[in-house]
Amino acid sequence: MNLHKKPLTATREETVLAESPLIVVVACTLLGAALGGLLPLLAGLLLKLKWAPFKGPAELLTSVPEPCLTLGAVGLGTLLGLLLAFLALHESLSVRITDDLLVLTVRDTTHEIPRQDVASAHRDGKQLVLLAHDGTELAREDSDLPWNRLSTALTAHGYRWAPQDPHRDAWRRWVPGTPGLPAGADALLKARAGASRRDDADEARELREELRRLGVTVRDEKNRQYWRSTVPQS
């Protein structure tokens, strides 16, 4: 859990919430260095066991003389910590809020949503969800931002924050051949399930957008897909 956040900054025109790059980098590099420093100790303990995996790499590691072994392990841990920090920042969500526009930025992609298009916002687990007036999801993004500050900022700029999903009773679990889906949606959901198993986030996102065009909103929970229709029932 990342407890260190960039302070909420506000002006008359906008409010910005985002992870603090400095804090994330410092925290990850210190953690990496600490784990790297423990690596020689763990390798030594591993060699004392009668049977254990990776004894070959452990013997090779402990053959390096001190202090080169510890310094090298700490240096490697620090580099891995830096890599983790950059990955975390790349995946982190930042939110810029004005009275007229909501801007979400994640994975070097910016999504601008006019205030007039947003019916409400709510939290779904670790995800921020924005709903249109017809129930369509305008956005669904993972977020480690502090929820109380996010909801306060949104309401301060005139957006409606819902305490829970207004459509929580409409979700149905998808299995191949589920009845009631629009033509083509079942194949898209099958393809999206495959993309999720491959951890292909970009493909899963594109397929979510294709489903949205068919009037189907989709969410994930414990490696399962759930769907609901946004097409008005006749």
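User: About how much accessible area do L31, L35, L38, L41, L42 and L45 have together in their nonpolar patch on the surface?
Analyst: This is a predicted model, in which local features need pLDDT of at least 70 and side-chain atom pairs count only at pLDDT 80 or more, while totals for chains, interfaces and linings use all residues. Residues are numbered from 1 along each chain as its sequence is written, and side-chain values use heavy atoms, without hydrogens and water. Patch members have over 30% relative accessible area and no salt bridge, with nonpolar side chains joined within 5 Å and like charges within 9 Å (Shrake-Rupley method, 1.4 Å probe; a salt bridge puts a Lys or Arg side-chain nitrogen within 4 Å of an Asp or Glu carboxyl oxygen). L41 is found in helix α1, residues 21–47, and the patch comes to about 580 Å².

User: Is D199 buried or exposed?
Analyst: D199 lies in the loop between α5 (185–197) and α6 (201–213), and its phi is positive, about 60 degrees, although it is not a glycine. Buried means under 20% relative accessible area, partly exposed lies in between, and exposed means over 50%. Because its relative accessibility is 69%, D199 counts as exposed.

Key
Helices (H or I, at least four residues) and strands (E, at least two) are DSSP runs, numbered from the N terminus. Buried means under 20% relative accessible area, exposed over 50%, partly exposed in between (1.4 Å probe, protein chains only).
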